[in-house]
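Hi,

Here is the model I promised to pass on.

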Amino acid sequence: MLQSLLTLPEFLALPESKPALEYIDGRIVQKPMPKTRHARLQSKLIEKINRITETEKIAYAFPELRCTFAGRSIVPDIAVLLWQNIPFDTNGEPLDNILIPPDWTIEILSPEQSSNRVTGNILYCLKHGCKLGWLLDAEDRSILIFLPDRQPELRQGLDRLEILPDIDLELTVEAVFSWLKMQ
């Protein structure tokens, strides 16, 4: 964790870095660099979601999209925005600065990440309007589901996963983690 004496506007004026920096409660925190399994799960989830949602303009899943809202600036592994919440310019291109929480935030836990810090970001998103959060743990093949005003639910094996309404996608935990097998 990097200490910060910066305000949020000063933080946002910094150049982007890889891995990304997040601004949480006045502190700058660097996300860990994704590794192979993390990247595989991230790309497969984005592909599955966007294949169903983009053509019909229902939603779009963005990788590593900075979302700045309510005094924080975070970079979820996957930020899904409902189509009506994506800001577009007059040319129909999405604006670069997202100043709202994602409608669905997905985090893939890395071994060197604090599960409490990642969970804290998901809960913060939910508190400020996010409709759904997932926390994937590849080590124990489980997914925690977060919904507003409900206790988190641990899903494993053949358990079905909660998806945003209007997204016609059915997934089980087992199906998600089966994408790790490439041979």
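Before the strands come up: two strands count as paired if DSSP finds at least two bridges between them. Helices (H or I, at least four residues) and strands (E, at least two) are DSSP runs, numbered from the N terminus. One caution is that this is a predicted model, where local features need pLDDT of at least 70 and side-chain atom pairs count only at pLDDT 80 or more, while totals for chains, interfaces and linings use all residues. Residues are numbered from 1 along each chain as its sequence is written, and side-chain values use heavy atoms, with hydrogens and water left out.

**The hairpin of β1 and β2**

β1 and strand β2 (residues 27-30) run antiparallel and are joined by 4 bridges. Within that pairing, I24 stands opposite R27 in β2. The two strands form a hairpin with 2 residues between them, and D25 in the turn has a positive phi of about 50°.

(Buried is under 20% relative accessible area, exposed is over 50%, and partly exposed is in between, with a 1.4 Å probe and protein chains only.)

**The sheet and its helices**

Next, the open sheet: it has 6 strands in the order β3-β6-β7-β8-β9-β10, with mixed pairing. β3 and β10 are at the edges with a single partner strand each, so one side of each has no neighbour in the sheet. On average, neighbouring strands are turned by 20° against each other, direction ignored. (Axes are lines fitted to C-alpha atoms, for helices over the stretch in contact, and angles run from 0 to 180 degrees between N-to-C directions.)

β8 and β9 pair in the antiparallel sense over 5 bridges, and L135 has L144 in β9 as its bridge partner. β9 and β10 are also antiparallel, over 4 bridges, with I145 partnered by E153 in β10. Their hairpin has 6 residues between the strands, and D149 there takes a positive phi near 60°.

As for helices, α2 lies across β3, β6, β7 and β8, running at about 160° to β3. Helix α3 (residues 115-127) packs on the sheet too, touching β7, β8 and β9, and its direction makes about 170° with that of β8. (Contact means heavy atoms within 4.5 Å.)

**The cores**

A nonpolar core here is a set of buried Ala, Val, Leu, Ile, Met, Phe, Trp, Tyr and Cys residues joined through side-chain atoms within 4.5 Å. The largest one has 30 residues, and V80, W104, I106, W134, L136 and I143 touch the most other members. Elements giving two or more residues to it include α2 (36-53), β7 (104-108) and β8 (132-137). Its largest share, 4 residues, comes from α2. A second, separate core of 21 residues includes L81, V118, I122 and C130.

- D103 is found in the loop between β6 and β7 and is buried, with a relative accessible area of 3%. Its side chain makes a polar contact with the side chain of N85 (3.0 Å). (That is a pair of N or O atoms within 3.5 Å; within protein, one must be able to donate a hydrogen and the other to accept it, and residues adjacent in sequence count only if both atoms are side-chain atoms.)
- Q113 sits in the loop between β7 and α3 and is buried as well, at 16%. Leaving aside residues up to four places away in sequence, Q113 touches K31, P32, I108 and V118.
- T172 lies in the loop between β10 (153-156) and α4 (173-178). The T172 side chain reaches the backbone nitrogen of A175 at 3.0 Å.

Cheers
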